[in-house]
Amino acid sequence: MSGDDERTESPESTDEVLGVSEVFKRYRDGDATVEAVAGVTLSLPRASLNVLVGPSGAGKTTLLGMLGGLVLPTSGDARIDGVSVVHLRDHHRTALRRTKVGFAFQDLALIQGMTLLENVLLPLTPRGGARKEDVTRAEALLERFGLLDKRDRRVERLSGGERQRGAIARTLVLEPPILLLDEPTAHLDSENAAAIVDALVELRDDGKTVVAATHDARLAEDGRVDRSLTMRDGRLC
Ligand SMILES: Nc1ncnc2c1ncn2[C@@H]1O[C@H](COP(=O)(O)OP(=O)(O)O)[C@@H](O)[C@H]1O
Ligand SMILES: [Mg+2]
């Protein structure tokens, strides 16, 4: 009778890692209702680099939140690794999200006053903090993102590009198979934006399922992206 862990076969693809079916998200705004996402169906396979592109207000961040189990749909279904998150109890949904999904969202920015390394180790706090091997892994991530020499620098003294790469490194410290990024190239010059795209391509090549929401055509039009999905007014078009 426990519906909590029921697995549902994806109708779109057996290789599906993330999926939504006819998802809607409506917000109340006083007397009015805002339809942030209006009936999106999507199935994303393992080891794919996907970009959600569209103007501000199109519903990208909301859809990303629903794909990752952070935002519950008003109606429709959302699946992470074949598990429908809509009917999960909160603690099960949180546990699933924590093991499977890494978020690099703008409002989850690096914490000022702490060093870059301290920030990257932060996701380990609920596990009881960083062990020696965690520090080694964090340093390897910083090296991979060209940030090892900045490890002891407070984040407010890093450039925008360094902070964005640091935020991605922090997300990876728990080794999630799925990575969701919101506007990862925002406010970056071409060189720094290209470094972010290179990193996302590499993560995809490592087998991760990556979804980036952006209004940046540089990211959406990169030839290495597997899927570029345009959103407008809450819908894919
Ligand atoms: N928590 C919320 N409460 C009310 N309205 C929201 C909320 N989140 C998003 N919206 C609205 O939903 C629409 C889509 O927002 P969002 O998903 O942030 O789009 P994007 O990321 O493409 O800019 C916008 O009109 C926005 O104002
Ligand atoms: Mg957004």
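Q: Okay, what am I looking at?
A: It's a predicted model, where local features need pLDDT of at least 70, side-chain atom pairs count only at pLDDT 80 or more, and totals for chains, interfaces and linings use all residues. Residues are numbered from 1 along each chain as its sequence is written, with chains lettered from A and ligands numbered from 1 in the order in which they are written.

Q: What's the strand order in the open sheet?
A: β6-β7-β8-β3-β9-β10, with mixed pairing. Strands are DSSP runs of E, at least two residues, and helices are runs of H or I, at least four, numbered from the N terminus; two strands pair if DSSP finds at least two bridges between them.

Q: Which strands stand at the edges?
A: β6 (101-104) and β10 (235-236); each has a single partner strand, so one side of each is left without a neighbour in the sheet.

Q: How does β10 run against β9?
A: Antiparallel, joined by two bridges. Arg232 has Arg235 in β10 as its bridge partner.

Q: Switching topic, what surrounds ligand 1?
A: The residues around ligand 1 include Tyr27, Asp29, Gly57, Lys60 and Thr61, counted when the C-beta atom, placed from the backbone, lies within 6 Å of the ligand.

Q: Which element gives the largest share of that shell?
A: α1, with three residues. β1 (16-29), β2 (32-45) and α1 (60-67) each supply at least two.

Q: And what is Val120 in contact with?
A: Leaving aside neighbours within four places in sequence, Val120's contacts include Ala138, Leu141 and Val173, where contact means C-beta atoms, placed from the backbone, within 7 Å.

Notes
Contact = placed C-beta atoms within 7 Å.
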